[in-house]
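Morning, everyone. Let me put the model up, and then I'll walk you through it.

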Amino acid sequence: MDAQLNCLKCGGQLPADLSNRGDLAPCPHCKTKLQLEVFPAFFRSPGAVQTGERIMIEGESGCFYHPQKKAVVPCEACGRFLCALCDVHLDGRHLCPSCLEAGQRKQAIESLQDKRVIYNRQALVLSLLPILISGLAAIYMAVRYWKAPLSMVSPMRWAMPVALVLGILQASLLLFILVAWAVTKS
Amino acid sequence: MARATPAYKRLPGTGYHYRIPPWTMLLLFFVMGIFVLLFRGRRTQLWIGKEHLLAVESDGYTEHYKRFDYRDIQVLAVRKTVPGLIANVLLGTVVLLFIVLSIVVEDPVGRGFSWGFLGFFGLLLLINVLRGPTCQCQIRTAVQTLDLVSLNRLRTARKAFATIKPMIEQSQGSLNPASATIFSRPPVSGETSQPPSSAES
C-alpha cells in the first residue's frame, strides 16, 4: 500500500510532521483540527504469500488438500497434514481450512465469532414484562438456552437464574389466578 | 474463591449508529417523545483485550463484534467536529429566550412554565458544555478504515487513545520519529518500508 495519510474531512494528503504530535494540529488544506497517531504497522509491507513447496523426494508426506505439495504441519484439530498454503495459524494453533470453517459455523472458535445472541438478557426482559404469559416464555428461554454462550464483554451470569426464578413466580401467579377463577366460577 | 479476571476492559465512550440524523431525532422528540429512541440504532462501545481491541455493537439482545489486533493497527485519527459547538449555540439561544420570557411574563403560571423550560434546556446546555467538544475518530488497518462512533467527544477520545496507545506500542514497538518522514514521499523501488522500531533495538 502507498504510505500516505489523508485528512478525515477533505481527503487531502497530510504532511509527516502532523502525526504523533500528541495534540490537535490544523490540516494544511481545510484547516480542520486533527490528531494522528501513526504506528509501525503503517510502514509494514505485506508479507510474501506462502504457496507451499512441491514434493521433490518420493515418500515425503503430502498435504491432504494438495497431495503434490509438501506437508509442513498437521492440523491441531483433525490431524490432517497441511502444506504452507493450507496451514491457517490462529490463536497459536495450526488449523486446516475445513476445521476453521467448521469452528466458525459451530461457533467453537471464540476469536472467529462476530455475533452472539444474548439469550440471558432476552429471558430477563421476558421475566420482567408485566404480562403473565411472558413468565412461561422466560422459563422456556432459561431452560432451552441455559448453556448458551454469554456476552463476551458483560456476561451477566446472574441474569438467567434470576429470569428463571421470576418466570416461575409469574407462572405460579398465572396458575393461581386461573385456579381462583375456576373455583369462583364453579 | 478467586474471581476470574475479565477478558475485556471497557474504554470510555458510547456511541450509536443512528438510523436517522441526530438533529432529526431532536425534532422528532417533540413529536414522538421517548419513542424517538427507537431510531437510535445499535449501541457501540470499545473494549480492550490482551491482544486486540474489540468494537461491540449491541441492540440489547444481539452483539456484533469487530476485532482489531494491536499488531495490525496502523493509524488512530481524531478530527475535531462542530456539532457540539452548534448544539451549544442553539441551546444557549433557547436558554436566553426563556430567561427573557421568565422576566417579561407576569402571569405566575406562564412564569412557572418558563422557569421549567429554562431549567430543562439549561441542564442540557450544561451537560453539553461539560462533555466538551465533539470529534470524529477513525481506526485504520491494512484492510479497513472504521469510524469509532463511541469516541464522539474529544476528551473521551484522548482518554481512550491514552489507554490503547501503550498496548499497540507494546505489540509493535514505538515509532522512530525519523522514520515518520517516509510516508510523505513515494517509496523508492528496492527501499525497505519497514521502519526501525524501539522493540527491535
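First, a definition: a crossing is left-handed if the near helix is turned anticlockwise from the far one by less than a right angle, and right-handed if clockwise. Now the ground rules. This is a predicted model, where local features need pLDDT of at least 70, side-chain atom pairs count only at pLDDT 80 or more, and totals for chains, interfaces and linings use all residues. Residues are numbered from 1 along each chain as its sequence is written, while chains are lettered from A and ligands numbered from 1 in the order in which they are written.

Chain A to begin. It has 4 helices and 7 strands. Helices here are DSSP runs of H or I, at least four residues, and strands are runs of E, at least two, both numbered from the N terminus. From the N terminus, the order is β-β-β-β-β-β-α-β-α-α-α. The radius of gyration of chain A, taken over C-alpha atoms, is 29 Å.

Next, helix packing. Take α3 (residues 132-144) and α4 (residues 159-185) of chain A: their axes come within 7 Å and cross at roughly 140°. Axes are lines fitted to C-alpha atoms, for helices over the stretch in contact, and angles run from 0 to 180 degrees between N-to-C directions. That makes α3(A) oblique to α4(A). The cut-offs: under 35 degrees is roughly parallel, over 145 roughly antiparallel, 65 to 115 roughly perpendicular, and the rest oblique. The crossing of α3(A) past α4(A) is left-handed. Among the contact residues are A:Leu136 and A:Ile139 of α3(A), and A:Leu164 and A:Gly167 of α4(A). In contact means C-beta atoms, placed from the backbone, within 7 Å.

What about α2 (residues 119-128) of chain A and α3(A), at what angle do they pack? About 160°, with axes 8 Å apart. They are therefore roughly antiparallel. This crossing is left-handed. The contact includes A:Tyr119 and A:Leu126 of α2(A), and A:Ala138 and A:Met141 of α3(A).

Last, the chain contact. Chain B gives 40 residues and chain A gives 37. On the chain B side, β6(B) gives the most, with 6 residues.

Conventions. Contact = placed C-beta atoms within 7 Å. Rg over C-alpha atoms; globule rule 2.2 N^0.38 Å.
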